[in-house]
Amino acid sequence: MSNPILDAIGNTPVVELRRVVPPGSARVVAKLEPANPTGSMKDRVALAMVEQAAADGRLPPGGTVVEYTAGTTGVSLALICAARGYRAHFVFSDAFSEEKRWTMRGYGAELTDVQSDRKRITAQLITTMIATAHELSRRPGHWFCDQLNNRDGEAGYHLLGEELWRQSGGRVDAFVQAVGTAHSIHGAAHALRRHNPRLHVVAVEPAESAVLSGQTPGSHQIEGIGIGFLPPLWRRDEVNEVVPVATADAKAMARRLAREEAIFAGTSTGANVVAALRTAQRLGAGATVATIIIDSGLRYVSTDVFRS
């Protein structure tokens with residue numbers, strides 16, 4: 001049955017960045033995913049995963065969705081649960097913003113916390129959160145979403161790629177996206193490559209934990225990406241380049257986007273734009289680089305991102 005709030009997911013605008021793009025660079029366009037109902041691109045993947053689990057019987061009517069989350073996917077899953085009549089029980093941490101915590105609870109989700117090491121995002125934190133969620137999912141009527149291993153999520157971003165192609169005027173030479181689960185980079189690129197088989201795909205990760213680049217894991221503060229180990233659904237052969245971006249540079253770009261482009265977005269978006277500008281400078285005028293404004297900066301006002 002159609003639900004008006006879920007029907008509002010997708011078909012978000014595309015904006016062209018101007019003031020932060022150096023002269024002589026390629027055109028840089030960005031998908032404005034804060035226009036989704038919860039203010040992030042994760043509404044797309046949450047809907048895809050829950051609907052498929054309900055369709056094949058893994059998630060029973062009135063059942064409970066269990067997930068580990070840095071908050072963004074959790075907020076989106078909480079929206080879907082509220083709209084579809086499911087319960088939600090998520091594993092969260094103090095390493096992530098308080099706005100996400102209270103938004104998930106606002107939608108009715110129950111939270112179990114895993115304490116971080118001085119609010120740092122590390123592989124140990126993520127693996128502990130995963131184990132905690134797995135244990136909770138053993139309860140009757142509970143379904144473990146398990147986003148890192150959930151192959152249903154990628155399809156949620158196929159339409160994003162199609163929208164990007166159409167809204168960019170049928171010209172995308174490079175696609176730049178930060179990697180958490182890897183759903184969004186692979187899903188959107190899959191759609192874009194149908195139109196441009198020569199698409200150059202750029203993955204973005206925290207420089208402090210550049211495991212996609214073959215470096216050792218570390219701690220960082222770019223929420224939602226850089227889990228400290230290779231995502232199970234990551235496919236390196238479908239990515240042309242991996243660009244590490246330092247947390248400080250990502251935060252600085254988030255501030256620049258707000259002040260120079262009037263785009264209020266989070267730190268992972270800052271990382272995306274840093275990498276997109278590097279790509280645009282290399283490709284030069286005449287090309288088009290596409291990236292994603294992942295979520296709203298309203299989720300990060302309690303952090304230090306916008307306090308400089």
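**Helix packing and selected residues in a predicted model**

Biologist: Against which elements do the buried residues of α4 pack?
Modeller: Elements are DSSP runs numbered from the N terminus, with helices (H or I) of at least four residues and strands (E) of at least two. In α4 the buried residues are E99, K100, R101 and M104; buried means under 20% relative accessible area, exposed over 50% and partly exposed in between (1.4 Å probe, protein chains only). With contact taken as heavy atoms within 4.5 Å, these buried residues pack against α3, β4 (87-93) and β5 (110-114).

Biologist: At what pLDDT do side-chain atom pairs count in this predicted model?
Modeller: Residues are numbered from 1 along each chain as its sequence is written, and side-chain values use heavy atoms, with hydrogens and water left out. In this predicted model, totals for chains, interfaces and linings use all residues and local features need pLDDT of at least 70, while side-chain atom pairs count only at pLDDT 80 or more.

Biologist: Are α3 and α4 roughly parallel or roughly perpendicular to each other?
Modeller: Helix α3 (residues 72-84) and helix α4 (residues 98-106) have axes 9 Å apart and pack at an angle of about 15 degrees. Axes are lines fitted to C-alpha atoms, for helices over the stretch in contact, and angles run from 0 to 180 degrees between N-to-C directions. Angles under 35 degrees count as roughly parallel, over 145 as roughly antiparallel, 65 to 115 as roughly perpendicular and the rest as oblique. The relation of α3 to α4 is therefore roughly parallel.

Biologist: Which residues make the contact of α3 with α4?
Modeller: The crossing of α3 past α4 is left-handed; this term applies if the near helix is turned anticlockwise from the far one by less than a right angle, and right-handed if clockwise. The contact residues are T72, G74, V75 and A78 of α3 together with K100, T103 and M104 of α4.

Biologist: Is V75 buried or exposed?
Modeller: V75 lies in helix α3. It touches T38, K100, T103, M104, Y107 and R299, leaving aside residues up to four places away in sequence. Because its relative accessibility is 0%, V75 counts as buried.

Biologist: How many charged residues are in the contact of α2 with α3?
Modeller: The axes of α2 and α3 are 8 Å apart at an angle of about 50 degrees, which makes α2 oblique to α3. K42, D43, A46, L47, M49, V50 and E51 of α2 meet T72, T73, S76, L77, L79, I80 and R84 of α3. Ala, Val, Leu, Ile, Met, Phe, Trp, Tyr, Cys and Pro count as nonpolar, Asp, Glu, Lys and Arg as charged, and the others, Gly among them, as polar. By these classes the contact of α2 with α3 has seven nonpolar and three polar residues, and the charged residues number four.

Biologist: At roughly what angle do the axes of α8 and α9 cross?
Modeller: In helix α8 (residues 247-261), T247, D249, A250, K251, M253, A254 and L257 meet T267, T269, G270, A271, V273, V274, L277 and R278 of α9. That contact has eight nonpolar, four polar and three charged residues. The two helices are roughly perpendicular to each other, for their axes come within 7 Å and cross at roughly 95 degrees.

Biologist: With which side chain does the side chain of R58 make a polar contact?
Modeller: R58 is in the loop between α2 (42-55) and β3 (64-68), and at 38% relative accessibility it counts as partly exposed. Its C-alpha atom is 6.6 Å from that of W143, 85 residues apart along the chain. A polar contact is a pair of N or O atoms within 3.5 Å; within protein, one must be able to donate a hydrogen and the other to accept it, and residues adjacent in sequence count only if both atoms are side-chain atoms. At 2.9 Å, the partner of the R58 side chain is D56.

Biologist: What is the relative accessible area of R118?
Modeller: Most residues other than glycine have a negative phi. R118, although not a glycine, has a positive phi of about 55 degrees. The residue is in the loop between β5 and α5 (123-136). R118 is exposed, with a relative accessible area of 64%.
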